[in-house]
Amino acid sequence: MPETAPKGLTRLAFGGDYNPEQWPESVWQEDVRLMREAGVTLVSVGIFSWALLEPEPGVYDFGWLDRLLDLLHDNGVRVDLGTPTVVPPAWFYRAHPDALPVTADGVRYAFGSRGAICHSNADYRAAAARITTELAERYASHPALAMWHVHNEYGVPVSACYCDSCAAHFRRWLRTTYGTVEAVNEAWGTAFWGQRYADLEQITPPRTAPTVGNPGQALDYKRFADATMRENFVMERDILHRLSPGVPVTTNFMTALSQCDSVDYWAWGREVDLVTNDHYLITDGRRTHVNLAMAADLTRSVAGGAPWLLLEHSTSGVNWQPRNPAKTPGQMARNSLAHVARGSEGALFFQWRQSRRGAEKFHSAMVPHGGTDTRVWREVVELGASLDALSEIRGTRTRADVAVLWDWHSWWAQNLQWRPSEDHDARERADAFYAALYDHHLTVDFAHPEADLSAYPLVVVPALYLMTEAAGRNVERYVENGGTLVVSYFSGIVDEHDAVHEGAHPGALRNVLGLTVEEFSPLLQGQSVRITGPDGSALTGDVWTEFVVPRDAEPVWTYADGPTAGRPAVTRHRLGEGTAWYVSTRLDAQGLDVLLGCAVEDAGIAGRADLPRDVEVVRRTGESGTYLFAINHTASDVKVALEADGTELLTGERAAGRLALPAGAVRVVRLHG
Ligand code: GLA
Ligand code: ZN
């Protein structure tokens, strides 16, 4: 069994990406002194260092990395060592220009940035294996080594390559997946538009075509590209496992749906020893802490509920959004500790020392351009002390109240072209339902549609266009056995090949929902509908309506106007011991709040109506105890009722009855008993 926690780390992880090759070695001395001052325990090094480590083919220069690792070790800082395979050196591309990826339009990217990789390219694979082997052989037994950091953020900036090597590799993948060309024709429905293939050799990647291409081909290409990146990860991981046993291997995910859409993290979560994640606030005016909580919950879920590690976030602003506001005082700690509340075993940043040169010099860092006499540095030092005070939570697990079904394959399929409405966006629904659950103060686990759901009183399906028959049966069994299910429109429509399930919509869900959908009738831009409930109260929907035909389900809300006026809009179906809700329009936040209120009641979940909006309360539990994290994202002081007395770990104070939670503050209470 490979190790699942950074080797030799006895406290929570605190630190960041450390890129000292950008600085003279004299600065390194100051770096380690400041790391000690801030309580840094772990840094990631070497992620982009291939050109320095192998300046010429087969010629290695490890001297600087030897000195660096020794220096870090002498100063008690553990090392997460990168394999630099996300940026091969310029000499490599001179020799192998074919390793540069090609877009669907046939444009070959150039060297000069990072992540320009065709993952099918044999020369790239061989070179990546060589540098990984060299590093593993040299550093496997270095006392500073805590973890291996393979590559960087698979899936971005290039999500798929469309070159000829990839075409050949795709055909091999099809042969393994389907066996015969007939099976591919059947799966992709190539009878439509005369796309039938007589031989697998005739198949190419879904390159730019005159109009919409075959959806089955496009969906499989996403799967292929994801699987190909994973092959390369596994290739490096296996070298590291072989040469460096006992040291966990990870690669940094970007689970936030707004930051990476090309990687099936359910599959990746099974391949890494420890799930690690990068998270950056999208500062577009939305409640950034809700998006953060969602990414953290999704990360924990792809880790199967096990502890994970936040490998990158920012101390303040980033520099790659249109507008990059600085974090407000206290926001960094709220962000870092919100990740910890949701299962992270620490908090690391991009990056340690802010660069003077290069593309990311305006991205914040732990040591800003302004040095240590800055608010950011003072808050970094304070955070280090906070994390130190929380050491005992290591290994505990976050407790969730509800599950939300999520599947990257369904998202990919949903995003293909020519759908009933381009305004329907699966991610938007996932975000909206998540926010509604957050506002009910419920902690969310995400689950794959075929996963065991029996532990959850409530399961929410925000938008799951693609559902296998097995997934349909899974949620049906869940409801029969007493679960409460909430399904939003345009779910359960197609199978794994993007083929519509046989019979009336929604094929995978019509039994559990007790209804059929005769027709979709999306709304025009700006159009909305009113739906009225049993007590006459009205809610608003937009984007989508449907002609719902209840079979065993009872109508609860009815369309008051719009194309489907007079017909059911929201239904409830009692099946076996449980209940299944269906909502056929896009409810706004208020509507989702009301709907989820009904479902929460059906599920018998005790609400937290006493907690104000934007006060986050999450629990971690384990052998060392139960820890209540309370995070106040508001500008008012509040009180949080405690179910037991306890000790607050950041202030050391006793907490009894009601916990005082000042504006903007975080408190962590070890509950007694
Ligand atoms: C990503 C990368 C880092 C850095 C940060 C900040 O997460 O992994 O190398 O570029 O973004 O922009
Ligand atoms: Zn390629």
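A polar contact is a pair of N or O atoms within 3.5 Å; within protein, one atom must be able to donate a hydrogen and the other to accept it, and residues adjacent in sequence count only if both atoms are side-chain atoms. Keep that in mind as we visit ligand 1. The model is predicted, so local features need pLDDT of at least 70 and side-chain atom pairs count only at pLDDT 80 or more, while totals for chains, interfaces and linings use all residues. Residues are numbered from 1 along each chain as its sequence is written, chains are lettered from A and ligands numbered from 1 in the order in which they are written, and side-chain values use heavy atoms, leaving out hydrogens and water.

**Around ligand 1**

Which residues are around ligand 1? They are F48, R114, N152, E153, N252, D278, Y280, E312, W320, F350, E360 and H363, each with a heavy atom within 4 Å of the ligand. This shell divides into 4 nonpolar, 3 polar and 5 charged residues. Here Ala, Val, Leu, Ile, Met, Phe, Trp, Tyr, Cys and Pro count as nonpolar, Asp, Glu, Lys and Arg as charged, and the others, Gly among them, as polar.

| Side chain | Distance to an oxygen atom of ligand 1 |
|---|---|
| N152 | 2.9 Å |
| E153 | 2.5 Å |
| E360 | 2.5 Å |

Taken alone, ligand 1 exposes 300 Å², and the protein buries 96% of that. Such areas come from the Shrake-Rupley method with a 1.4 Å probe; for residues, only the protein chains shown count as cover.

**The whole protein**

The protein has 17 helices and 29 strands; these are DSSP runs, numbered from the N terminus (helices: H or I, at least four residues; strands: E, at least two). Its C-alpha trace spans about 75 × 75 × 45 Å along the principal axes. Of its 673 residues, 59% count as buried, meaning under 20% relative accessible area, whereas exposed is over 50% and partly exposed lies in between (1.4 Å probe, protein chains only).

**Two places to look**

Helix 11 (residues 331-341) is largely enclosed by the rest of the structure, because 10 of its 11 residues are buried. Among them are M332, L337 and V340. After helix 11 comes G343, with a positive phi near 115°.

T103 sits in the loop between helix 4 (90-95) and helix 5 (122-139). Is T103 buried or exposed? T103 is buried, with a relative accessible area of 16%. T103 touches Y109 and Y162, leaving aside residues up to four places away in sequence; contact means heavy atoms within 4.5 Å.
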